[in-house]
Amino acid sequence: MRKVISTVMTLTLLLVLAWGGSAAARQIAPVEGLETLRRSFAGINDFSADIVQEKQISLLKRKMVSTGTVRFRKPALFFMEINPPRASRLLLNDTQITLYFPREKSTSQIALPPEQSLQRWFTFLARPVTSLPDGADVRADQQGDTLTVTVIPRSGGQVREFAVTLLTDGTIRKLVISEKNGDRTLITFSRVRKNSGLTDKDFRIN
């Protein structure tokens, strides 16, 4: 379960930050890339999207492919639902994670440390980005109106690096998470819907 939570937390933080052209890709300054992400997300109060998740386990030859949906609403609500046969629902409310498995009708909860609070990330996004966040290295590349930002955490966690690709209007396209054990997860987004007026009922876990 902790690997699921780790992957979802990485996704959540990237979605909070983030919200192909024909020109050759060029590397840009990391601070410039993060500031572009900040500006893209500034006018978005909520969003939802369909996802396809492809997970390559290093010990297995085949990929595990799942579909689902994600929803987010400022300041600190995130929901992800994975469709059968590996059905699950996850709700993050600031620092509180609730994970629900419909088939087993079982629920688990975990409290995140204060430094992983969604409110903390909105504080970071409340002003122009002039320096890199503590505890991570960042790379940024731009190709036409498509931006890719790669984050390499310095901490001793499971994630080696993650990369988010989005359009400069804030539409997220894909997320790639590479773990230190060789596992790799690709999440592709479609039908991204911004500012649709999500309410509390859209974040009910059961």
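This is a predicted model: local features need pLDDT of at least 70, side-chain atom pairs count only at pLDDT 80 or more; totals for chains, interfaces and linings use all residues.
P75 lies in the loop between β3 and β4 (77-82).

**Overall make-up**

The chain has three helices and 12 strands. Of its 206 residues, 46% are buried. The accessible surface comes to about 10,500 Å². Carbon and sulfur atoms account for 51% of that surface.

**The sheet**

The 12 strands form an open sheet. Their order is β1-β8-β9-β10-β11-β12-β2-β3-β4-β5-β6-β7, and the pairing is antiparallel. At the edges stand β1 (26-28) and β7 (106-111). Each has a single partner strand, so one side of each is left without a neighbour in the sheet. On average, neighbouring strands are turned by 20° against each other, direction ignored.

Helix α2 (residues 30-42) packs on this sheet. Its contacts reach β1, β2, β3 (63-73), β8, β9 (146-153) and β10 (159-167). The direction of α2 makes about 115° with that of β9.

**Around β12**

Which strands pair with β12 (residues 184-194) through nine bridges and through five? Strand β2 (residues 46-56) is joined to β12 by nine bridges, and the two run antiparallel. Strand β11 (residues 172-179) pairs with β12 over five bridges, again in the antiparallel sense.

Elsewhere along β12, R193 has S48 opposite.

β11 and β12 form a hairpin with four residues between them. In the turn, G182 has a positive phi of about 95°.

D50 is in strand β2. Its side chain makes a polar contact with the side chain of R191, at 2.9 Å. Beyond residues up to four places away in sequence, D50 touches G68, T69, T188, F189, S190, R191 and R193. With a relative accessible area of 19%, D50 counts as buried, because the cut-off is under 20%.

**Cores**

The largest nonpolar core holds 40 residues. V70, V149 and F189 touch the most other members. Strand β10 gives the most to this core, with four residues. A second, separate core has seven residues, including L77, F79, L91 and Y100.

Where is V129 in the chain? V129 is in the loop between α3 (118-125) and β8 (136-143). Its relative accessible area is 7%, so V129 is buried. V31 is 98 residues away from V129 in sequence, yet the two are 6.5 Å apart in space, C-alpha to C-alpha. Leaving aside neighbours within four places in sequence, V129 is in contact with V31, L34, E35, R38 and F124.

D202 is in the segment after β12. D202 is buried too, with a relative accessible area of 17%. A polar atom of the D202 side chain lies 2.8 Å from the backbone nitrogen of T199. Not counting residues up to four places away in sequence, D202 touches R71 and F79. F79 is also a member of the second core.

**Backbone exceptions**

Most residues other than glycine have a negative phi, and most peptide bonds are trans. The table lists sites that depart from this pattern.

| Site | Feature | Value |
|---|---|---|
| P84 to P85 | cis peptide bond | omega near 10° |
| D94 | positive phi, not a glycine | about 60° |
| N195 | positive phi, not a glycine | about 50° |

P85 is in the loop between β4 and β5 (88-93). D94 is found in the loop between β5 and β6 (96-101). N195 is found in the segment after β12.

Are D94 and N195 buried, partly exposed or exposed? D94 counts as partly exposed, at 21% relative accessibility. N195 is partly exposed, with a relative accessible area of 40%.

Technical notes:
Residues are numbered from 1 along each chain as its sequence is written. Side-chain values use heavy atoms; hydrogens and water are left out. Two strands pair if DSSP finds at least two bridges between them. Buried means under 20% relative accessible area, exposed over 50%, partly exposed in between (1.4 Å probe, protein chains only). Contact means heavy atoms within 4.5 Å. Axes are lines fitted to C-alpha atoms, for helices over the stretch in contact, and angles run from 0 to 180 degrees between N-to-C directions. Accessible areas come from the Shrake-Rupley method with a 1.4 Å probe; for residues, only the protein chains shown count as cover. A polar contact is a pair of N or O atoms within 3.5 Å; within protein, one must be able to donate a hydrogen and the other to accept it, and residues adjacent in sequence count only if both atoms are side-chain atoms. A nonpolar core is a set of buried Ala, Val, Leu, Ile, Met, Phe, Trp, Tyr and Cys residues joined through side-chain atoms within 4.5 Å.
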